[in-house]
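Open the viewer and keep the selection tool at hand. We will go from stop to stop, picking residues and looking at what surrounds them.

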Amino acid sequence: RRVLFRSNFDDGVRDATLWHETTTGTGIELAERNGRLEIVFAADGVPGGEYNVLGAHYGTQCRFPGDFDVRVDYQLLDWPVMNGVIVALNAWFTNGPQLAVVRQSQAWGEEYATFWGGRTSNQRTGDVGGSLRIKHVGARFTTYEKSGGRWLALDSVLSDRAPMISIQAMSTPDFFGHRAVRVAFDNFKLRAVQPAC
């Protein structure tokens, strides 16, 4: 059974059959507006919660044990340099390492990156908009970023677990640059075989 999940965030209301939402810390705002999903960080935002982070995400209500291909567009609306924020598409597993493909701004530069446990793959960029993607075939998960009109693979990892998918923007006390940041997601699309909902 193949299923297509789509969200363009056009109606201004979270689709609770597809998404749950989480915000953590103070000075963080998450809203569907302007035909997209926007996440806003106040310059005086303070991390908090169980993991002491500042951020917000939309996560899927389903898990995906079979093959899938998920992608989402992002746009950096207010993005000062060295802001410490990560804009991410994640595969979240119930345990074990988590997989993320991100566009981030850190003290060492602007880049795309993939995080898998303690392993990181990085690529410098000046993109202020583009797309993030995770493709799962068999036990292999491959991360991509899209710039200049084509998909570029960043990393490939192995896992036999069934992840939940999320789109997220976040920072931590060590990296948050205390600068106002506003980012947006749009055109979320996930094709999956036999999701567990």
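Select Gln168 first. This is a predicted model, and in it Gln168 is buried, because its relative accessible area is 14%, and the cut-off for buried is under 20%. Gln168 belongs to strand S14, which covers residues 164-171.

Now show the side chain of Asn90 as well. It makes a polar contact with the side chain of Gln168, at 2.8 Å. Which other residues touch Gln168, leaving aside its neighbours within four places in sequence? Besides Asn90, the contacts are Ile39, Ala56, His57, Ile86, Val87, Ala88, Trp92 and Phe185.

**Zoom out**

Switch to the cartoon view. How many helices and strands does the chain have? It has 15 strands and zero helices. Along the principal axes, the C-alpha atoms fill a box of roughly 45 × 35 × 35 Å. The radius of gyration is 16 Å, which agrees with the value near 16 Å for a compact globule of 197 residues. Buried residues account for 50% of those 197.

The accessible surface of the chain is about 9,000 Å². Carbon and sulfur atoms hold 48% of that area. Then think about contacts between residues at least 6 apart in sequence: 66% of these join residues at least 24 apart.

**The disulfide**

Select Cys62 and Cys197. A disulfide joins these two, with an S to S distance of 1.9 Å. The structure holds one disulfide. A disulfide is a covalent bond between the sulfur atoms of two cysteines.

Look along the S-S bond of Cys62 and Cys197. The angle about it is 110°, and the link is right-handed. Where do the two ends sit in the chain? Cys62 is in the loop between strand S5 (54-60) and S6, while Cys197 is in the segment after S15. They are 135 residues apart.

Are the two ends buried or exposed? Cys62 is buried, with 5% relative accessible area. Cys197 is exposed, at 70%.

**Salt bridges**

Next, look for charged pairs. The whole structure has ten salt bridges.

Pick Arg133 and Asp69. Their side chains form a salt bridge, 2.7 Å from N to O. Arg133 is in strand S11 (residues 129-137), and Asp69 is in strand S6 (residues 68-78). Asp78 is partly exposed, at 36% relative accessible area. Arg182 is also partly exposed, at 24%. Salt bridges that share partners place Asp78 and Arg182 in one network with Glu29, Arg33, Arg36 and Glu38.

For the last stop, select Glu38 and Arg36 from that network. Their side chains meet in a salt bridge of 2.8 Å, N to O. Glu38 counts as buried, at 1% relative accessibility. Arg36 is buried too, with a relative accessible area of 18%.

Notes:
Residues are numbered from 1 along each chain as its sequence is written. This is a predicted model: local features need pLDDT of at least 70, side-chain atom pairs count only at pLDDT 80 or more; totals for chains, interfaces and linings use all residues. Side-chain values use heavy atoms; hydrogens and water are left out. A salt bridge is a side-chain nitrogen of Lys or Arg within 4 Å of a carboxyl oxygen of Asp or Glu. Buried means under 20% relative accessible area, exposed over 50%, partly exposed in between (1.4 Å probe, protein chains only). Helices (H or I, at least four residues) and strands (E, at least two) are DSSP runs, numbered from the N terminus. A disulfide is a pair of cysteine sulfur atoms within 2.5 Å. A polar contact is a pair of N or O atoms within 3.5 Å; within protein, one must be able to donate a hydrogen and the other to accept it, and residues adjacent in sequence count only if both atoms are side-chain atoms. Contact means heavy atoms within 4.5 Å. The radius of gyration is taken over C-alpha atoms; the globule rule is 2.2 Å times the number of residues to the power 0.38. Accessible areas come from the Shrake-Rupley method with a 1.4 Å probe; for residues, only the protein chains shown count as cover.
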